Amino acid sequence: MASRRNKLMDLLLRGGERAEERAVDDPALTSAHTRARQALAELVPVTERLAGAVAHARGTVEALSERERRGLASRAELSAATARVRDGLDRLGIVALNAGLEGARLEGPAGRALAMVADEIRQVAMRCMASTDEVDEALHAARTEADKAHVALGETRERLATAAIEASSGVALAHAADGALSDLGDRLGKATGVDPEVAAALERAQTHARELVSALSLASSRGLVRGAALRPVLEPILRLFDQLDTDRDAEDE
Amino acid sequence: MIALVGRARAVRVSPEVARRVVTFGPITQVPGLPPPALGVAVAEGAPCLVLDPLGDGAPDRRVGLLCDVDGEAVLLVAARLASPDEAPGDELDVRAVYGEVEGIIWARSAQRAYERGA
């Protein structure tokens, strides 16, 4: 029993050592390749989302530009309308002055009444003219702000165009890096005989096996576990190490 | 009554002389016209002498007071026209102003005729 246990322990340890030898050759490479794959797996969708966000922002800027153009057209219509109002009020003022003049020429109450009405009309026309001036000032202020917004939109459009080119380049570079990393993984697999991802999985499995062996050894030494009970657990591990031995021997040849 | 309001002062024009407030065409300058005459302009389809009694020059807006001075059409201009209540001032003797300009014109014309004859 003890000899069988010792033989089993010896097999497990030797298998672990061989796996360790293989891992010594390129653990840094496989680890770096694994990390690079993980980073690229996150980077590619990030660059694609970034390119999408830039495209969305450009669409928003174009929509804003369209609104700005419509606003400009509306302001031009308003300016033309206030000019027509001003012209009408001007003519109304002239009519009121002439009515006052006729009222002054007429004698009696009729003349005075006409003069009074003419004067009132002229006062209203002057107040309306003042209001029109205020509207013109507000339109001018709005036009000034709109001009500033137009300049800012133009600058934003140019920056977004540059960003779109950069984002597109980023996506292309990320995909190229992904392709290059795949190529690197293939070459690494051909050079070492082991797929880097498989090597990483093997390394993890070796660690688990070592821990299991250590736990079983401790249990056995304390008499907590019988050898027959260990067989279903140990047989898969032994087969794995046998396979590792076979592969190693084939490479050595 | 109509008030002519300038930059510094205002004057009133009697309804006996003033006819209507009108818009007029561009003022054509005439060489030799003495101030306060500015030139000639068309108002209501007829040419008339343009006078600037307040001395402020041609107004921005082509609105003036068309007057009848003994059958002659005379256009008075100012910075703006208003009712007398808005801008009180002395009454302008339009006939005197027109007469002074006409007198100078005739005197110069006579002088030229004399010089040609001599």
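At 48% relative accessibility, Glu44(B) counts as partly exposed. That class lies between buried (under 20% relative accessible area) and exposed (over 50%), with a 1.4 Å probe and protein chains only. The side chain of Glu44(B) meets that of Arg20(B) in a salt bridge, 2.8 Å from N to O. The pair links distant parts of the chain, 24 residues apart: Arg20(B) sits in strand E3 of chain B, Glu44(B) in the loop between strand E4 (37–43) and strand E5 (46–51).

This is a predicted model, in which local features need pLDDT of at least 70 and side-chain atom pairs count only at pLDDT 80 or more, while totals for chains, interfaces and linings use all residues. Residues are numbered from 1 along each chain as its sequence is written, chains are lettered from A and ligands numbered from 1 in the order in which they are written, and side-chain values use heavy atoms, leaving out hydrogens and water.

## Two chains

Chain A has five helices and zero strands. Chain B has one helix and nine strands. Helices (H or I, at least four residues) and strands (E, at least two) are DSSP runs, numbered from the N terminus. In chain B the order along the sequence is β-β-β-β-β-β-β-β-β-α.

Chain A counts 25% of its 253 residues as buried. In chain B, 42% of the 118 residues are buried. Chain A exposes about 16500 Å², with 59% supplied by carbon and sulfur atoms. Chain B exposes about 6300 Å², and there carbon and sulfur supply 51%. These accessible areas come from the Shrake-Rupley method with a 1.4 Å probe; for residues, only the protein chains shown count as cover.

Among contacts in chain A between residues at least 6 apart in sequence, 83% join residues at least 24 apart. For chain B, residues 24 or more positions apart account for 60% of the contacts with a separation of 6 or more.

## The interface

Twelve residues of chain A meet 16 residues of chain B. About 1100 Å² is buried between the chains, 52% of it from carbon and sulfur atoms. Buried area is the accessible area (1.4 Å probe) that two parts lose on being put together, summed over both.

One salt bridge is counted between chain A and chain B. Its partners are Arg61(B) and Asp90(A), whose closest N and O atoms are 2.3 Å apart.

On the chain A side, helix H2 (27–105) and helix H3 (109–192) each supply at least two residues. H2(A) gives the most, with eight residues. By class, this side has five nonpolar, two polar and five charged residues. Ala, Val, Leu, Ile, Met, Phe, Trp, Tyr, Cys and Pro count as nonpolar; Asp, Glu, Lys and Arg as charged; the others, Gly among them, as polar.

## Salt bridges

Side chains of opposite charge can pair when their charged atoms come close. The rule asks for a side-chain nitrogen of Lys or Arg within 4 Å of a carboxyl oxygen of Asp or Glu. Over all chains the structure holds twelve salt bridges, including these:

| Pair | N to O distance |
|---|---|
| Arg37(A) and Asp178(A) | 4.0 Å |
| Glu66(A) and Arg69(A) | 3.0 Å |

Arg37(A) in helix H2 and Asp178(A) in helix H3 are 141 residues apart, so the pair links distant parts of chain A. Asp178(A) is partly exposed at 27%, as is Arg37(A) at 25%. Glu66(A) and Arg69(A) both lie in helix H2 of chain A, three residues apart, about one turn of the helix.

## Two residues up close

Arg20(B) belongs to strand E3 (residues 18–23) and is partly exposed at 35% relative accessibility. Beyond its neighbours within four places in sequence, Arg20(B) is in contact with residues of both chains, including Asn98(A), Leu101(A) and Gly64(B).

Thr47(A) lies in helix H2 of chain A. At 11% relative accessibility, Thr47(A) is buried. A polar atom of its side chain lies 2.8 Å from the backbone oxygen of Val44(A).

How values were computed: Contact = heavy atoms within 4.5 Å. Polar contact = N/O pair within 3.5 Å; in protein donor to acceptor, adjacent residues only side chain to side chain.
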